[in-house]
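Thanks for coming. I have one structure to go through today, so please look at it while I talk.

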Amino acid sequence: MLKCVMVCCVLVCIGESSGFQCATPHTSAFKFSIVSRRNQTGNWIAEVQMGHEGGLQEAGPWAIDVDHTTTKCEDSESILIAAIMKGSASFEGKVSLPKGALVPKGPPSAGYELLSGLGYYKMHTEPTTWHEALNICTQESAHLFIVNSEFEANALVTLWKNTSVVWAFSGFHDQYKDGEYVTIFNETMASIGFSKWYGSHPLTGEFQCGLFGSNRLLADNPCSTKNIFICELEL
């Protein structure tokens, strides 16, 4: 009951400040709940659970895009959580993913290792193309990994213990515009906290898909080439 009251208060406060009017209550076939918490690294995580009755059997799994906004005013704090739910079946051929999709709290599947303070990671040593790697990670309820700090870069090197291959596909690319690299969540490389490149990289032209190496550096390669890759699930 306390959680329901808190959510209602936030929505009323924001509605008044934005000039919205309360809508007439109506029934809906969709039911979802949102729980917001801080993870071990201090970041906010909004978890969404949704259920619906009926619908088409051929509809694919739901992807949930969650935005969490905190507004402080003197000694008070207002929190707005907005969830956009989309039906999707496969990410094959795509270059971006919905951020905030609901994921399990434990390892997404067999073979994932917990790196303290970061999350779960799995090194796939069977080489594949970048888009295939993106889809495999999504099927495992994870995503193609992204390095966000020097700390994470150093920790990831431990995953190379079972392979002599240096480079693994990572979740960034410049397929929208040559030379302008973004993550699979459409974040700029300048905003993610790590941008140390190898040698003359990044390269232009067909070198459009990101790599991270056991040398703790970034590089790029044609998306159609086959590399090992790492899937990631944050805490």
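Tyr 198 is partly exposed, at a relative accessible area of 40%. On this scale, under 20% is buried, over 50% is exposed and anything in between is partly exposed, using a 1.4 Å probe and protein chains only. Trp 167 comes out at 18%, so it is buried.

Before going on: this is a predicted model, where local features need pLDDT of at least 70, side-chain atom pairs count only at pLDDT 80 or more, and totals for chains, interfaces and linings use all residues. Numbering runs from 1 along each chain as its sequence is written, and side-chain values use heavy atoms, leaving out hydrogens and water.

Back to the rings. How many aromatic pairs does a search of the whole structure find? Seven. To pair, rings of Phe, Tyr and Trp (its six-membered ring) need centres within 6.5 Å; planes under 30 degrees apart are stacked, over 60 edge-to-face, and the rest tilted. Trp 167 and Tyr 198 have ring centres 5.4 Å apart and planes at 65°, so this pair is edge-to-face. Trp 167 sits in strand β8 (residues 167-173), and Tyr 198 in the loop between β9 (182-183) and β10 (207-213), so the pair ties together parts 31 residues apart in sequence. Phe 145, Trp 160, Phe 194 and Phe 212 form one aromatic cluster.

Now the chain as a whole. There are three helices and twelve strands; these are DSSP runs numbered from the N terminus, helices being H or I with at least four residues and strands E with at least two. Of the 235 residues in the chain, 34% are buried.
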